[in-house]
Amino acid sequence: MHDIAAGAAAADTSDGKTDEQAGLRPASEAVARVLDGVDRLSEWGAWASALCILGILMLIVAEVVARNIFNKSIDFAWEFSAFLMGAAFMLGAAYSLRTGSQVRVKVLLDNLSPPGQRALDLFATALCVIVAAYLTFALGHLTWLSWMRESRSDKASELPLWIAQFPLALGALLFTLQSMTRFTRVLRGEPGEDETLRVGQDAKAEAS
């Protein structure tokens, strides 16, 4: 009885409130805060991806103007456009997963029972985490080797390759974190993605 009383006293604060009433968040809420933090990182990655696409547009316009008006070519325009395209793809991958914007074949999933759907979703998401983690390691290792070897582009810019490769590794890391977040949400019985975050026609179609 003494142990029980001591445990009850430890669970209460000095003014008689429980830990949760005193403002100490339960573990489930702490997990939710971590998941929301990863979502914010993915959103920042999406903005960075949009800036990369804007950069591609500016480079292409500048190249067209230079060729047609000044009869010259910007040596690094197409090279940097290729670098930015890769960065845009990888940096936006995590947000695409969060919003469910990626192409998915759901024929098998739609024909399973709810428990079967959840089990298959968990299995597929676990595979996604493994693949994304390996991709993160491979791109991170490649970026590190380029840094150590001082590798440069063989094009006119001679840009250090780690500068172009770092956004790819960062995007892969964000994708890995978002994949882990999705797995956790499905495991907790929550939706794996939030389709209301989609932009444009997809969002309008879901709303209707």
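A: Helices (DSSP runs of H or I, at least four residues) and strands (runs of E, at least two) are numbered from the N terminus. This is a predicted model, in which local features need pLDDT of at least 70 and side-chain atom pairs count only at pLDDT 80 or more, while totals for chains, interfaces and linings use all residues. Residues are numbered from 1 along each chain as its sequence is written, and side-chain values use heavy atoms, with hydrogens and water left out.

Q: How many helices and how many strands are there in the chain?

A: The chain has eight helices and zero strands. Read from the N terminus, its elements run α-α-α-α-α-α-α-α.

Q: What percentage of the residues of the chain count as buried?

A: Buried means under 20% relative accessible area, exposed over 50%, and partly exposed in between (1.4 Å probe, protein chains only). Of the 208 residues here, 28% count as buried. The accessible surface of the chain (Shrake-Rupley method, 1.4 Å probe; for residues, only the protein chains shown count as cover) comes to about 13,800 Å², and 66% of that belongs to carbon and sulfur atoms.

Q: Among contacts between residues at least 6 apart in sequence, what percentage join residues at least 24 apart?

A: Contact means heavy atoms within 4.5 Å. For this chain the percentage is 70%.

Q: How many residues has helix α6, and what does it reach from its first C-alpha to its last?

A: The expected span of a helix is 1.5 Å times one less than its number of residues. Helix α6 covers residues 114-149, which is 36 residues, and reaches 52 Å, close to the 52 Å expected.

Q: Which residues in α6 are buried?

A: An α-helix has 3.6 residues a turn, so residues three or four places apart point the same way. In α6 the buried residues are Asp-121, Leu-122, Thr-125, Val-129, Ala-132, Thr-136, Leu-139, Thr-143 and Ser-146. The buried residues of α6 pack against α3 (77-91) and α7 (161-187).

Q: At what angle do α6 and α7 pack, and how far apart are their axes?

A: Two packed helices are described by the angle between their axes and the distance between the axes. Axes are lines fitted to C-alpha atoms, for helices over the stretch in contact, and angles run from 0 to 180 degrees between N-to-C directions. For α6 and α7 the angle is about 160°, with the axes 8 Å apart. That makes α6 roughly antiparallel to α7 (angles under 35 degrees count as roughly parallel, over 145 as roughly antiparallel, 65 to 115 as roughly perpendicular and the rest as oblique). The crossing of α6 past α7 is left-handed, a term used if the near helix is turned anticlockwise from the far one by less than a right angle, with clockwise giving right-handed.

Q: Where is Leu-97 found?

A: Leu-97 sits in helix α4 (residues 93-99) and is buried at 10% relative accessibility. Leaving aside neighbours within four places, Leu-97 contacts Gln-102, Phe-175, Gln-178, Ser-179, Arg-182 and Glu-193. Leu-97 and Gly-192, 95 residues apart in sequence, have C-alpha atoms 8.8 Å apart.

Q: Which residues does Ala-88 touch, not counting residues up to four places away in sequence?

A: Ala-88, in helix α3, touches Ser-49, Cys-52 and Ile-53. Ala-88 is buried, at 7% relative accessibility. From Ala-88 to Ser-49 the C-alpha distance is 4.1 Å, across 39 residues of sequence.

Q: What is phi of Asn-71 near?

A: Most residues other than glycine have a negative phi, and most peptide bonds are trans. Asn-71 has a positive phi near 55°. Asn-71 lies in the loop between α2 and α3 and is exposed, with a relative accessible area of 70%. Glu-150, which follows α6, also has a positive phi, near 55°. Glu-158 has a positive phi of about 50°; this residue lies in the loop between α6 and α7 and is partly exposed at 48%.

Q: Where does Phe-76 lie?

A: Phe-76 lies in the loop between α2 (27-69) and α3 and is partly exposed, at 35% relative accessible area. Not counting residues up to four places away, Phe-76 touches Leu-59 and Ser-157. The C-alpha atoms of Phe-76 and Glu-158 are separated by 9.4 Å, with the two residues 82 apart along the chain.
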